[in-house]
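Please read the following account alongside the sequence and the coordinates.

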Amino acid sequence: MTSLDTRKKQKIFKELTTLQQRDFTFSSGRILGSMCTVPHPIAREIYQQFLETNLGDPELCPGTKEIEKRYIAFISKLLHAPASSAGQIVSGGTEGNITAMWIAKQLSGKKEILLPTSAHFSFQKIASLMDMRLTEVPVTKEYVMDINALKKKIRKTPAAVVGLAGSTELGTIDPLPEISDLCSEEHVFFHVDAAFGGFVIPFLKTLHYKVPAFDFSLKGVSSVSIDSHKMGYAAIPLGTIVIRRKQWLSTISVDSPYISSEKQTGILGTRSGAPVAAAYAIAQYLGFAGYTQMVRSCMDVTRYAQKRIEEIGLNLVVSPTMNVLGVKLKRPGVIVKKLSERGWRVNKVERLSCIRIVMMPQITKQIIDEFIPVLKKTCDEVGEL
Ligand SMILES: Cc1ncc(COP(=O)(O)O)c(C=O)c1O
């Protein structure tokens with residue numbers, strides 16, 4: 001490198017580092033509202049190693065393709081997927097939901113989606129992109145889909161029903177076994193959005209929490225999407241969608257004349273193998289026992305945070321099902337803004353008049369102890385307490 005090159009490089013690095021310093025970071029422990037996390041050091045290392053791979057042109061990287069196959073097998077096993085199933089790597093929960101609804105529309109030729117009012121906003125994109133119609137099903141006072149309301153609405157046989165295994169706002173789980181039975185009877189495609197809960201519920205079960213079945217062990221479940229870049233401890237962007245029947249993939253496959261494979265399935269073309277390799281590495285490293293320990297610790301911090309929040313006189317919207325707390329406030333937007341000015345990021349949920357706090361693996365009891373006095377002071381100042 002010439003001295004001119006070195007100076008150029010230093011200048012670019014300086015510019016980028018200065019801008020990066022404006023960012024909140026997961027590692028600082030000050031982001032309390034996000035469902036993403038600091039990637040595990042192993043995921044970080046492997047990510048770099050696989051930066052130049054392109055799984056959109058799979059025969060150029062048969063080794064990375066094999067890693068993808070093994071990762072899909074790991075996820076499929078976690079979700080009790082049958083031998084007839086298939087998996088598709090996606091960039092996250094949004095693409096997982098889009099892919100599921102694309103298949104449901106192709107299979108049924110219909111356009112209506114029945115989904116709880118608590119469903120993720122990605123379904124708004126789906127409606128717009130694929131000219132589909134969203135019919136909302138109300139939720140109960142526990143913030144889960146009202147099964148009786150669904151029974152009335154399903155009669156017109158929609159393209160799909162969506163159930164949540166971990167809602168974005170509160171981490172609640174819809175009555176999935178009942179929805180599954182209903183969808184089986186009515187022969188309706190049933191998609192479970194487990195973007196957040198997919199890497200929590202299996203381990204909660206092992207820890208003897210009372211949680212319903214959410215995956216392919218329910219006969220009526222047609223597809224499940226699960227995000228590794230949320231509770232899977234992997235690097236962004238990575239999710240997987242698993243479908244009950246492999247042949248359904250043909251409904252979202254096209255001929256791909258210019259690349260090494262004859263068909264390309266799903267939405268993306270060129271896509272990096274780095275997040276896939278990183279997620280596989282971390283899954284191998286942690287294994288079921290490691291994830292169970294991670295979830296145990298997140299739930300421990302969740303109970304602690306709940307206690308500390310209630311001690312300062314605030315209430316939760318619902319008792320937590322997983323590591324997500326909704327804290328009731330009169331003016332959540334004002335509190336979120338003030339907390340941000342004080343260096344803490346939490347998410348506001350105006351619809352439920354609350355703020356959302358997610359106890360991701362990097363959030364410790366010590367961080368909660370640092371946060372609570374700031375929350376109290378902020379709430380005192382704006383007359384919440
Ligand atoms: C339940 C659920 N589904 C889908 C998504 C969208 O995921 P992504 O932002 O990874 O596309 C989220 C994001 O929080 C979510 O909570």
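In this predicted model, helices H2 and H9 cross in a right-handed sense. The residues that form their contact comprise 12 nonpolar, no polar and no charged ones. The axes of H2, residues 41-49, and H9, residues 274-311, come within 8 Å of each other, and the crossing angle is roughly 145°.

Which residues of H2 meet H9? On the H2 side they are Ile 42, Ala 43, Ile 46 and Tyr 47. Their counterparts in H9 are Ala 274, Pro 275, Ala 277, Ala 278, Ala 279, Ala 281, Ile 282 and Tyr 285.

A straight helix of 38 residues would span 56 Å, whereas the end C-alpha atoms of H9 are only 44 Å apart. H9 also has a bend of about 85°, located at Gly 287. After H9 comes Gly 313, which has a positive phi near 95°.

At the level of the whole chain, there are 11 helices and 12 strands. A compact globule of 385 residues would have a radius of gyration near 21 Å, and the value for the chain is 22 Å, so the two agree. The C-alpha trace extends about 70 × 60 × 40 Å along its principal axes.

Most residues other than glycine have a negative phi, and most peptide bonds are trans. The bond between Ile 236 and Pro 237, however, is cis, with omega about 0°. Pro 237 belongs to the loop that links strand S6 (223-227) to strand S7 (239-243). Tyr 143, a residue other than glycine, has a positive phi near 65°. Tyr 143 sits in the loop between strand S3 (133-137) and helix H6 (147-154).

Technical notes
Residues are numbered from 1 along each chain as its sequence is written. This is a predicted model: local features need pLDDT of at least 70, side-chain atom pairs count only at pLDDT 80 or more; totals for chains, interfaces and linings use all residues. Axes are lines fitted to C-alpha atoms, for helices over the stretch in contact, and angles run from 0 to 180 degrees between N-to-C directions. Helices (H or I, at least four residues) and strands (E, at least two) are DSSP runs, numbered from the N terminus. A crossing is left-handed if the near helix is turned anticlockwise from the far one by less than a right angle, and right-handed if clockwise. Two residues are in contact if their C-beta atoms, placed from the backbone, lie within 7 Å. Ala, Val, Leu, Ile, Met, Phe, Trp, Tyr, Cys and Pro count as nonpolar, Asp, Glu, Lys and Arg as charged, and the others, Gly among them, as polar. The expected span of a helix is 1.5 Å times one less than its number of residues. The bend at a residue is the angle between axes fitted to the seven residues ending there and the seven starting there. The radius of gyration is taken over C-alpha atoms; the globule rule is 2.2 Å times the number of residues to the power 0.38.
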